[in-house]
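Subject: Structure handover

Hi there,

Here is the structure I promised to pass on to you. Please open it alongside this message.

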Amino acid sequence: MADESAGGDEELEVEARPKGGMSGKKLVIFFILPFLLIIIAGAGAYFTGMLDSLLGKEQPVEEEVIEEVIPAHGPAAFYDVPELLVNLNSSGNKNHFLKITISLELELQTDIPAIEAVMPRIVDNFQVYLRELRIEDLSGSAGIQRLREELLLRVNAAAAPVKVKDVLFQEMLVQ
């Protein structure tokens with residue numbers, strides 16, 4: 001025990017030696033970061049198609065696309081709807097009228113008898129819709145385009161098997 005008490009008076013010197021392994025920063029910089037860069041570069045090359053030839057993927061054979069052209073069955077067919085005169089919906093005391101002449105563009109010339117057969121239904125649908133319009137609904141080109149689309153929708157619903165391509169305005173007078 002005398003040796004232990006004698007050793008207590010002496011100071012122990014500790015030497016600072018570097019660790020046997022790498023520090024955390026060096027590990028990240030020299031191993032993990034290059035590994036991640038290689039993975040990202042490989043994924044980029046794969047998804048851009050640069051590795052397709054190395055991986056043995058064949059280039060897709062381009063097939064010729066043949067467009068189907070629907071033959072026209074002659075010139076366009078037009079059918080004139082009788083002139084319509086309707087009272088517009090107005091909130092004031094003054095009445096506003098709409099006088100409109102419409103022509104229907106049909107896909108086939110042979111559809112004219114079918115349109116003539118359902119013309120009372122078409123005129124009724126037009127009359128009911130037009131009477132609910134306000135004068136503000138007809139203002140500007142956007143209002144006229146909405147009117148055209150709505151009338152086209154209604155005429156196609158009324159003449160179900162027959163396809164009407166367009167509604168053309170020949171005359172439109174708002175008073």
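Below is what turned up in it, grouped by topic.

Before anything else, please keep in mind that this is a predicted model.

**Salt bridges**

The whole structure holds 5 salt bridges, and here are some of them. One joins lysine 99 to glutamate 83, with 3.8 Å between the closest N and O atoms. Lysine 99 belongs to strand S3, while glutamate 83 sits in the loop between strand S1 (77–80) and strand S2 (84–87), so this pair ties together parts that are 16 residues apart in sequence. Both partners are partly exposed: lysine 99 has a relative accessible area of 26%, and glutamate 83 has one of 47%.

Arginine 134 takes part in two of the contacts I would look at next. With glutamate 136 it makes a salt bridge whose closest N and O atoms are 3.5 Å apart. The side chain of arginine 134 also meets that of aspartate 137 in a salt bridge, at 3.3 Å from N to O. Through these shared partners, Arg134, Glu136 and Asp137 are joined into one network. As for accessibility, arginine 134 is partly exposed at 43%, and aspartate 137 is partly exposed at 23%.

**A charge without a partner**

Which side chain of opposite charge is nearest to aspartate 111? That is lysine 165, and it is 9.5 Å away. A salt bridge needs the nitrogen and the carboxyl oxygen within 4 Å, and aspartate 111, although buried, has none. You will find aspartate 111 in the loop between strand S3 (97–106) and helix H4 (112–117). Leaving out residues up to four places away in sequence, aspartate 111 touches Leu106, Val162 and Lys163.

**The aromatic pair**

How many aromatic pairs does a search of the whole structure find? The search gives 1. The rings are those of tyrosine 46 and phenylalanine 47, arranged edge-to-face with 5.3 Å from centre to centre and 75 degrees between the planes. Tyrosine 46 is partly exposed, at 35% relative accessibility, whereas phenylalanine 47 is exposed, at 69%.

**Around phenylalanine 169**

Phenylalanine 169 has its place in strand S4, residues 164–174. Not counting residues up to four places away in sequence, phenylalanine 169 touches Ile100, Thr101, Ile102, Ile144, Leu147, Arg148 and Leu151. Another pairing to look up is phenylalanine 169 with aspartate 80: they are 89 residues apart in sequence, yet their C-alpha atoms are 10.0 Å apart in space.

Happy browsing, and write back whenever you like.

Best wishes

Conventions. Residues numbered from 1 in each chain as written. Predicted model: local features only at pLDDT ≥ 70, side-chain atom pairs only at ≥ 80, totals over all residues. Heavy atoms only, no water. Phe/Tyr/Trp six-rings, centres within 6.5 Å; stacked < 30°, edge-to-face > 60°. Buried < 20%, exposed > 50% of the residue type's maximum accessible area, 1.4 Å probe, protein only. Helix = DSSP H or I, 4+ residues; strand = E, 2+ residues; numbered from the N terminus. Lys, Arg positive; Asp, Glu negative; His and termini not counted. Contact = heavy atoms within 4.5 Å.
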